[in-house]
Amino acid sequence: MKIEQIYTGCLAQGAYYIESKGEAAIIDPLREVDPYVEKAKRNDAAIKYVLETHFHADFVSGHKDLAEKTGASIVFGPTEAKLGFDAIIAEDEQEFKIGDITIKLLHTPGHTMESSCYLLSDETGTPKAIFTGDTLFIGDVGRPDLAQKVSEDLTQEKQAGHLYDSLRNKILPLPDDLVVYPAHGAGSACGKNMSKETSDTLGNQKKTNYALQEMTKEEFIKKLIEGLTPPPAYFPQNVKMNIQGYDSIDEVLERGVKALSPVDFEAVANDTGAVLLDTRSPQVFAQGFIPNAVNIGIDGSFAVWVGTMIPDVKQKILVIAEEGREEEVITRLARVGYDFALGYLKGGFEAWKAAGNEVDTITSLQPEEVAKVTKDNPNAVILDVRKQSEYDSEHVKGAEHAPLDYINEHMGQLEKDKTYFVHCAGGYRSMIFASTMRARGYDNLVDISGGFKAIKESEAFDLTDFVCPTTKL
């Protein structure tokens with residue numbers, strides 16, 4: 001028996017490869033499925049099942065493509081959803097054989113109504129591991145508010161109540177020595193404050209996970225919904241794609257990995273109104289970029305922020321990337337449902353600049369420089385674009401707050417003739433904010449290099465007293 005966790009950091013997502021006696025199952029696969037196919041081929045194994053823990057909201061699963069390429073059967077827990085592909089809609093406690101091991105589906109509604117866990121037992125029938133999807137994380141449980149986007153009858157309070165029952169009736173009675181393998185870790189928007197660890201024993205989770213401690217259902221519901229913020233706008237669209245189906249990843253790559261000269265790039269941009277997405281690092285971007293381009297660096301929480309800043313997954317996109325990373329960008333866009341990349345700038349920004357085209361820049365200053373400028377200019381504003389929980393925890397006294405998550409709601413508080421010194425935690429989100437507002441005609445935004453971390457280390461600003469944050473959403 002072989003169990004392999006395939007963890008993708010940018011999504012904080014864990015997929016799983018399970019193999020026994022020449023047969024394999026994949027749990028919660030990513031959109032690009034060739035690595036799973038190749039792994040099974042190397043091991044001389046046939047992929048028999050694609051086991052889905054639920055209809056994912058934060059990424060597009062590869063179940064449809066994987067089934068088409070391998071002949072594997074897709075399995076979901078109990079649901080009345082009308083699927084756009086063939087699948088087994090399993091009953092609670094239905095078993096599936098992989099070689100000489102058994103995988104039992106445990107229906108655990110709460111995060112979503114079809115949410116299920118998979119309990120793996122070895123050839124002797126001894127339970128060894130449980131794949132918990134978004135039902136149980138390490139240190140946390142799945143948020144209960146996503147199903148509201150599917151049905152108005154499913155309030156977050158009702159869902160939290162279902163999750164309370166699922167955890168106590170299906171999970172807590174299981175053996176302490178089971179290994180828990182969740183679908184996500186720290187950084188995912190599917191839970192409030194998950195651990196960086198990506199597996200643990202169930203026994204340890206029974207001791208340390210707040211959601212598994214003794215409490216009434218009412219107490220559980222209150223704890224679970226406290227601190228929840230609205231999920232990214234693309235989540236419901238990903239759910240829809242996971243239920244109804246989607247274009248093959250091969251088609252998406254063929255469409256998106258298309259090299260465009262600066263002339264062709266500009267022509268396509270003018271003809272289509274595509275978003276110009278520059279995926280270089282924030283500090284490199286600031287030194288020179290194509291006017292109206294928005295910076296979301298590939299080496300960061302790329303998928304989450306693309307989903308937050310580009311609400312429509314069908315939006316046409318043109319890519320500016322580091323040379324050699326173009327296909328990676330197109331693939332990572334597709335992972336979260338952005339299938340309509342129209343191509344990339346051949347030669348990157350340097351080719352655009354060499355062609356004599358117009359370029360723009362964003363000023364980036366060290367905290368010490370900002371302290372001097374703001375001291376002499378009472379009209380200058382420090383603008384904190386971190387999440388509400390981060391701002392509440394500690395911030396520069398007098399700083400205005402405009403969370404990047406809700407940039408559209410906060411546009412009205414910015415004045416075009418006023419200078420704003422923008423910061424986040426480390427510099428990634430502040431450049432997303434500054435570039436987005438620049439594209440909307442706000443020219444007086446200055447980035448504070450290094451973000452709040454550098455601000456604090458500089459000791460050049462008065463800060464509020466630190467308060468431990470209650471959530472990382």
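## Nonpolar cores

Contact here means that heavy atoms lie within 4.5 Å of each other. The structure is a predicted model, and in it Ile290 touches Phe265, Leu276, Ile320, Leu345, Phe349 and Trp352, when residues up to four places away in sequence are not counted. Ile290 also belongs to the largest nonpolar core, which has 94 residues, and it is among the members that touch the most other members, together with Phe265, Ile296, Phe302, Leu333, Tyr338 and Phe433. The element that gives the most to this core is helix H16, spanning residues 428-439, with six residues.

Rolling a probe the size of a water molecule over the atoms shows where empty space is left. When the whole structure is searched, one cavity of 30 Å³ or more is found, and the volume of the largest cavity is about 60 Å³.

The lining of the largest cavity is formed by Cys10, Leu11, Asp58, Gly187, Ser188, Ala189, Tyr234, Phe235 and Val304. By residue class, this lining divides into six nonpolar residues, two polar ones and one charged one.

Arg143 is placed in the loop that runs between strand S10 (127-133) and helix H3 (156-171). With a relative accessible area of 2%, Arg143 counts as buried because that value is under 20%. A polar atom of the Arg143 side chain lies 2.8 Å from the backbone oxygen of Ala189, and Ala189 is also one of the residues that line the largest cavity. Apart from neighbours within four places in sequence, the contacts of Arg143 are His111, Ala189, Cys190, Gly191, Leu228, Thr229, Pro230, Pro231 and Leu473.

Lys206 is located in helix H4, and its relative accessibility of 19% is under the 20% limit, so Lys206 counts as buried. A polar atom of the Lys206 side chain is 2.9 Å from the backbone oxygen of Leu172.

Helix H2 covers residues 63-70, and its buried residues are His63, Lys64, Asp65, Leu66 and Ala67. The elements that cover these buried residues include strand S3, helix H1 (34-42), strand S4 (46-51), strand S5 (73-76), helix H6 (235-244) and helix H7 (249-256). Just after H2, Gly71 adopts a positive phi of about 80 degrees.

## Positive phi outside glycine

Lys21 is not a glycine, yet it has a positive phi of about 50 degrees. Its place is the loop between strand S2 (13-20) and strand S3 (23-27), and it counts as exposed because its relative accessibility of 67% is over 50%.

Glu93 likewise is not a glycine and has a positive phi of about 70 degrees. Glu93 lies in the loop between strand S6 (88-89) and strand S7 (95-98), and with a relative accessible area of 46% it is partly exposed.

Ile101 belongs to strand S8, residues 101-107, and is buried at 0% relative accessibility. Although Ile101 and Lys21 are 80 residues apart along the chain, their C-alpha atoms are separated by 8.9 Å. Leaving out residues up to four places away in sequence, Ile101 touches Met1, Ile18, Ser20, Phe96, Leu120, Ser121, Asp122 and Glu123.

Met215 lies in the loop between helix H4 (202-208) and helix H5 (217-225), where it counts as buried at 11% relative accessibility. Beyond its neighbours within four places in sequence, Met215 is in contact with Tyr164, Arg168, Tyr210, Phe220 and Lys223. Met215 and Phe131 are 84 residues apart in sequence, and their C-alpha atoms are 24 Å apart in space.

Methods:
Residues are numbered from 1 along each chain as its sequence is written. Side-chain values use heavy atoms; hydrogens and water are left out. A nonpolar core is a set of buried Ala, Val, Leu, Ile, Met, Phe, Trp, Tyr and Cys residues joined through side-chain atoms within 4.5 Å. Buried means under 20% relative accessible area, exposed over 50%, partly exposed in between (1.4 Å probe, protein chains only). Helices (H or I, at least four residues) and strands (E, at least two) are DSSP runs, numbered from the N terminus. On a 1 Å grid over the protein atoms alone, a cavity is a set of points where a 1.4 Å probe fits but cannot get out, and a pocket is an open set with protein on both sides within 12 Å along at least five of seven lines; lining residues have an atom within 4 Å of a point. Grid points are joined across faces, edges and corners, and a volume is the space filled by probe spheres set on the points. Ala, Val, Leu, Ile, Met, Phe, Trp, Tyr, Cys and Pro count as nonpolar, Asp, Glu, Lys and Arg as charged, and the others, Gly among them, as polar. A polar contact is a pair of N or O atoms within 3.5 Å; within protein, one must be able to donate a hydrogen and the other to accept it, and residues adjacent in sequence count only if both atoms are side-chain atoms.
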